Amino acid sequence: MKLFGAATLGFVLVAQLVSAQFKQAPLPYAYNALEGSIDAQTMEIHYSKHGAAYVANLNKAITGTPLEKESLVKILSGISKQTPAIRNNAGGHYNHELFWTILTPEKNTQPSEKLAKAINQSFGSFDAFKEKMSKAGADRFGSGWAWLIVTPDKKLAVTSTANQDNPLMDIAEVKGIPVLGIDVWEHAYYLKYQNKRADYLSAIWNVINWKEINKRYEAALSGKTE
């Protein structure tokens, strides 16, 4: 009976994983790949605990509802109609899946010529953009995110959101398609930087993946979300 029970439990767990609407993508680098800017222990906890919890809790929250058949972007676009559990975990899953991809151990990636031109036009210079982005993260009271987005009129804007909200949500003060997001929850930096969020925001530019952001920018200009 114990063997039968274990086999049955294993089958159920596999079935749940296969049928889960949303899944966590593999981390595209080793936990220690961003050392110097983001330490290995933080990356491991952030990805395997926090990130994994958001997707698991999102799947749990939508089980048995029509949202099981909806895309994540569609859920976010109508988030004002959903429960706090769905809002927090749908946002958390989307935000983190974006965050992993816009970081890289590759050195000296650069904005494309097209994106660099748009940044200069929108913010005056690349350094002014970085300062504005870092300030958005530093000034966010409590937990949240700093974003570079493409607005509905195809312009670049820097904004921030609280908790796990993002600019795709219908409740966002500034709406648009995110192309770069920086996590300023304490769990993203506290083990290495303690209360020095500004130091984290300075260091993270060393591991920003402009190749990915360039791709997201092009997609956003055509109205697509990555």
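Trainee: Where is His96 placed?

Mentor: His96 sits in helix α4, residues 84-101. Helices here are DSSP runs of H or I with at least four residues, strands are runs of E with at least two, and both are numbered from the N terminus. This is a predicted model: local features need pLDDT of at least 70, side-chain atom pairs count only at pLDDT 80 or more, and totals for chains, interfaces and linings use all residues. Residues are numbered from 1 along each chain as its sequence is written, and side-chain values use heavy atoms, leaving out hydrogens and water.

Trainee: Is His96 buried or exposed?

Mentor: His96 counts as buried because its relative accessibility is 1%. Buried means under 20% relative accessible area, exposed over 50%, and partly exposed in between, with a 1.4 Å probe and protein chains only.

Trainee: And what does His96 touch?

Mentor: Not counting residues up to four places away in sequence, His96 touches His46, Tyr54, Trp145, Gln164, Asp183 and His187. Contact means heavy atoms within 4.5 Å.

Trainee: Which residues does the UniProt "binding site" annotation cover?

Mentor: According to the unreviewed UniProt entry, it covers His46, His96, Asp183 and His187. They are spread over 142 residues of sequence but cluster in space, with a largest C-alpha distance of 12.2 Å. UniProt positions follow the numbering used here, feature names are shortened, and annotations may be inferred rather than shown by experiment.

Trainee: Where does Asp183 lie?

Mentor: Asp183 is in strand β3, residues 177-183. Asp183 is buried because its relative accessible area is 0%.
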